[in-house]
Amino acid sequence: MPIKLVTFDALHTLLTPRRPIYVQYSEVFSPYLGVLSPESLKCSFKASLKEIQKDKPVYRGHAGAQGWWSEVIKRTAIGAGAHPQGMFVLKYALHEMVPRLMKRFSSREGYKLFDDALPVLRQLRDTNIRAALISNADARMRLVLDDLEVSPFLRSIHLSEELGIEKPHSEIFRMALRDATPQGQITRADECVHVGDELYCDYYGARAAGMHALLIRRHGSDGEEEHKEEGEDLRDVSTVSSLLAVLDWVKRQNGGSRVSKLTEE
């Protein structure tokens, strides 16, 4: 079956933090909490995020995304050594730090596109292949996509906070199939490929929904460009190192020739 729709994850697939998240957190923390160890911030953020995602999936239980992220930010600060300064100081600081971080990560101030993102999205549009986005993100991702000028290339955007479900649930993939298809037409699951960086949520989630799937593993430092999961086994997993490779895969699937080079317009 030819590919009619390509769905993308957002973070670490189309876009990435402009600078490592722990660096940006440190910049916001330092006026209130002093300088915290960058390595401690990096480890604490990863651990805090994982804990909250497990305990409160789909941004539940903390009065929306801001409350949810406020808990992540608080745990990150404490885990990185902020607690010796006193919980009163931290509580006061959170009232200022949380809005600043929420605002930063709502725009190009916090994020940037990978160099291959816009060229590939343009090429898909020019060859009449639809594109959509499926992300386990909160509603601020729409602001980020708008600011990075990605939204016009996407037929639909599906965010877990807005829908109340998240990848790898098959329903969020089925929603993308339905919503990115022109009225009166049908897109079959095997006419779609999903591209993302998370083995369980993106790759196996899409496969379980009947779609093709490509796991992106960019070259570079973990947390900046490359994403790896502890103990991951990529045997029998279809991987690509860039979005250009996704375009090549789609063209081969549709009977076309390989793309040798694509430059940004």
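Trainee: Is Y204 buried, partly exposed or exposed?

Mentor: Bear in mind throughout that this is a predicted model. Buried requires under 20% relative accessible area and exposed requires over 50%. Y204 has a relative accessible area of 40%, so Y204 is partly exposed.

Trainee: How many aromatic pairs does the structure hold, and is the pair of Y25 and F105 stacked, tilted or edge-to-face?

Mentor: The structure holds 7 aromatic pairs. In the pair of Y25 and F105, the ring centres are 6.3 Å apart and the planes meet at 50 degrees. Stacking needs planes under 30 degrees apart and edge-to-face needs over 60, so the pair of Y25 and F105 is tilted.

Trainee: How many residues apart are Y25 and F105?

Mentor: Y25 belongs to helix α1, residues 21-33, whereas F105 sits in the loop between α4 (87-104) and β3 (111-113).

Trainee: Are Y25 and F105 buried or exposed?

Mentor: The limit for burial is under 20% relative accessible area. Y25 is at 4% relative accessibility and F105 has a relative accessible area of 7%, so Y25 counts as buried and F105 is likewise buried.

Trainee: Is the pair of Y203 and Y204 stacked, tilted or edge-to-face?

Mentor: The ring centres of Y203 and Y204 are 5.3 Å apart, and their planes stand at 85 degrees. Since edge-to-face applies over 60 degrees, the pair of Y203 and Y204 is edge-to-face.

Conventions
Residues are numbered from 1 along each chain as its sequence is written. This is a predicted model: local features need pLDDT of at least 70, side-chain atom pairs count only at pLDDT 80 or more; totals for chains, interfaces and linings use all residues. Side-chain values use heavy atoms; hydrogens and water are left out. Rings of Phe, Tyr and Trp (its six-membered ring) pair if their centres lie within 6.5 Å; planes under 30 degrees apart count as stacked, over 60 as edge-to-face and the rest as tilted. Helices (H or I, at least four residues) and strands (E, at least two) are DSSP runs, numbered from the N terminus. Buried means under 20% relative accessible area, exposed over 50%, partly exposed in between (1.4 Å probe, protein chains only).
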